[in-house]
Each structure stands twice: as C-alpha cells, then as structure tokens.
Amino acid sequence: MGVLMSKRQTVEQVQKEVQEEKEAETSAPVVQEESGINRAAWERLRDGRGIEPEEFDRTSRFTPPAFIRPTRKLDDDKPPDICLDPREAVVNDEMCDICEVWTAESLFPCRICTRVFHDGCLRRMGYLQGDSAAEVTEMAHTEIGWSCYYCDNLNLLLTEEEMYSLTETFQRCKVIPDCSLTLEDFVRYRHQAAKRGESSRALSDEQEEQAARQFAALDPEHRGHVEWSDFLSHESLLLLQQLRPQNSLLRLLTVKERERARSTFLARGSGSTISEAECHRARHSWFCKRLAEAASCSVSVSHVGPIADSSPAGSSSKSEYKTPLPDEQESRSVDWPTFLRENVIYILAARPNSGAIHLKPPG
C-alpha cells in the first residue's frame with residue numbers, strides 16, 4: 001500500500017526529481033533544436049502551463065502544479081439549480097492552498113474561488129515577480145480583488161478534447177504559441193479560422209470591424225499588440241461559447257460569482273425582474289477590475305458583491321456605461337434565469353487579472 005503524502009511533501013518530492021533530472025542533463029549536454037523548443041511550447045499550451053521550462057531550474061521555488069483539465073459530466077447540459085433566493089454562504093479556506101498551513105499572517109484570497117495563499121508561497125511558486133507582488137497585496141483586500149493562478153487562466157476551463165480542437169486550429173492557421181499578435185496578425189487569424197473552401201476572405205466588412213474592436217479591447221494600453229495569454233483566453237472563451245450549451249457554462253460559475261450575480265441583479269432590478277437596459281449594463285460591469293483609483297475597503301476578504309455606486313470604481317463604471325438603449329430594450333423584462341444565461345460568458349471572461357476585456361460585450 002502506498003504512503004499518502006501532504007501537498008507540501010508532494011511538491012518537495014517533485015522538486016527533488018526535477019533537480020535530479022537537471023543534474024543528469026548537465027552531465028550530458030544536448031543541443032536543443034528549434035523544433036524541440038516549438039514542441040515544448042505546444043506541450044505547455046496543451047497542459048495549460050504558462051511557465052517556461054527553464055523556470056524550473058530556480059532552486060528557490062516550488063515546482064508549479066500540474067493542472068488537470070476538467071471532464072464534462074453526462075448531465076452538465078441540464079439546467080443547474082441556481083435560485084435567486086436563498087443566498088449562498090461564501091466562506092474562504094482557512095489554510096494556504098500551497099503549503100496547507102494556517103498561520104496568523106495575512107492570506108491573499110482569490111476573488112473567484114475560495115482558495116487563499118501566503119505571499120511567500122506565491123513567490124516560491126514563481127507567481128509573484130517584480131511589481132506583481134505589490135499589486136497583489138494592494139488588490140487582494142479590495143472590492144475588486146485578485147484572481148489566483150487557477151482562475152486567472154481561462155484556458156484551463158477547456159477539456160482535453162476542446163484543447164485539442166483549439167490547438168489544431170492554431171496549427172492550421174500557423175499561430176506561433178507564446179508570441180504576441182498585432183492587429184494585422186489578429187485579423188488575419190480570424191479570417192483563416194473562419195475560412196471555408198478556397199476563398200481567401202472569410203469575414204465580412206462588419207465582422208472585420210468587430211474583430212478590430214475586440215483587438216482594441218484586448219489591448220487596453222494601446223501598445224499595438226495583444227499578449228499571448230490574453231489571446232489564448234479570448235480564443236478559449238469563443239470555443240466554450242461555440243461548443244458548450246449555456247447550462248454547461250452555468251455549472252462553471254463559482255459560489256462567489258453566483259453571489260455577485262445575485263447582488264447585481266437585486267441592485268439593478270425590481271423584485272424578480274430586471275430591464276433589458278440594466279441587463280446590458282451588467283455585462284460591462286463585470287470588467288471593472290483594474291481601476292487605479294480603487295481604494296482598500298473595510299469589507300471582509302470574502303466580500304463578493306458588486307462594486308457600490310458610491311465607490312470610485314462604481315461611479316466610473318456607472319457613468320461610462322450609462323448610454324441609453326432603444327425603447328424596446330428598456331421595455332423588455334429579464335427574469336433571473338435569463339439574466340444568468342445572458343451574462344454567464346461575460347462573468348467567466350472577467351476572471352483574469354489582466355486589464356484586457358477578453359470578450360467584448362456588444363454595444
């Protein structure tokens with residue numbers, strides 16, 4: 001019978017094995033060709049890992065975890081039981097997810113799941129580098145919050161089969177992993193991904209303009225290129241939207257996301273319905289997550305409600321998206337189940353810490 005080990009012991013055991021492999025490689029150096037580098041990049045993409053192989057050589061770090069892709073259950077297309085009332089209790093974990101130790105130190109909570117982390121453990125794992133440490137410290141205990149490395153990577157929502165499909169599309173369109181994309185690259189990829197037959201043009205002028213608007217949303221700092229991680233998250237969302245029924249997407253929501261959706265619905269609606277205009281504005285509100293003026297608040301770390309209208313973040317988002325909609329949209333009432341179905345993909349799209357909007361809402 002095997003011996004059960006704690007997560008800390010498992011991490012140290014894997015780290016020891018990696019160190020032994022490193023010593024073996026140094027004794028017999030091998031010239032790594034470009035094809036081998038590309039193969040390693042595709043393997044990291046397949047496994048949902050964003051850390052380069054050479055990162056494992058740093059002895060001051062734990063070995064990053066091997067992410068296991070989810071599998072779809074047979075009944076995941078059935079409507080989930082997500083009621084507006086009663087509310088769900090949100091309780092964060094008591095122990096650090098990495099070392100599984102409780103201490104009196106400040107723990108950084110994830111705004112999406114219930115995991116909490118020590119900053120020292122995040123550093124040793126390689127997830128806090130440079131200025132990101134101060135950013136996590138500042139954001140983790142505000143209303144906006146911080147997403148852990150599990151929730152920050154939307155690509156990890158894909159199953160093995162879905163990831164294989166996405167990888168095939170990238171290879172067919174000659175997309176190089178881990179490289180940023182310019183607007184020209186992005187539009188060309190969209191044409192190639194949608195192309196059917198021998199036609200050299202697959203998108204209409206309107207669709208091409210929409211792709212350009214999405215590129216701008218993925219490049220909020222106007223640097224002229226989109227980072228690979230943001231592009232990968234965007235494409236993962238499009239694939240989920242294409243292959244999964246909405247009921248399956250609803251099952252991906254965490255308790256914190258469901259509670260935030262309830263708070264938003266109740267704050268913007270009247271009773272059991274909400275107007276189409278408010279439903280539209282809610283799609284934009286999920287992305288208020290990287291505002292510089294957001295101040296630390298006195299709420300508990302488990303707070304998952306919407307940004308208050310009186311807060312700097314709330315007033316900014318409210319003024320930005322207060323554009324009136326057509327009368328017919330104002331008159332349409334949206335109930336709670338419909339609100340959830342129409343917003344679920346945007347709630348998921350708002351998970352990453354990046355300031356990019358990974359799926360731009362219409363309008």
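Trainee: R262 is found in helix α10, residues 255-268. What makes a stretch a helix here?

Mentor: Helices are DSSP runs of H or I with at least four residues, strands are E runs of at least two, and both are numbered from the N terminus. This is a predicted model, where local features need pLDDT of at least 70, side-chain atom pairs count only at pLDDT 80 or more, and totals for chains, interfaces and linings use all residues. Residues are numbered from 1 along each chain as its sequence is written, and side-chain values use heavy atoms, leaving out hydrogens and water.

Trainee: Why is R262 called buried?

Mentor: Buried means under 20% relative accessible area, exposed means over 50%, and partly exposed lies in between, using a 1.4 Å probe and protein chains only. R262 has 2% relative accessibility, so R262 counts as buried.

Trainee: Which residues does R262 touch?

Mentor: Contact means heavy atoms within 4.5 Å. Not counting residues up to four places away in sequence, R262 touches I82, C83, L84, P86, R87, E88 and W336.

Trainee: How do you know that the span of α10 agrees with its number of residues?

Mentor: The expected span of a helix is 1.5 Å times one less than its number of residues. For the 14 residues of α10 that should be 20 Å, and the end C-alpha atoms are 20 Å apart, so the two agree.

Trainee: What makes α10 mostly covered?

Mentor: Eleven of its 14 residues are buried, among them V255, R258 and F265. The buried residues of α10 pack against β5 (273-275), α11 (276-285), β6 (333-335) and α14 (336-349).

Trainee: Let's turn to I112. Where is I112 placed, and why is I112 called buried?

Mentor: I112 sits in the loop between β1 (108-109) and β2 (116-117). Its relative accessible area is 4%, and therefore I112 is buried. Leaving aside residues up to four places away in sequence, I112 touches S147, C151, T254, K256, E257 and R351. I112 and S147 are 35 residues apart along the chain, with their C-alpha atoms separated by 6.1 Å.

Trainee: What is the mean pLDDT of the protein chain?

Mentor: pLDDT is the predictor's confidence in each residue, from 0 to 100. The mean for the protein chain is 76, and 67% of its residues reach 70 or more. Over residues 49-62 the pLDDT is below 50, although this stretch has 32 contacts in the model beyond near neighbours in sequence. Where pLDDT is low, the predicted coordinates should not be read in detail.
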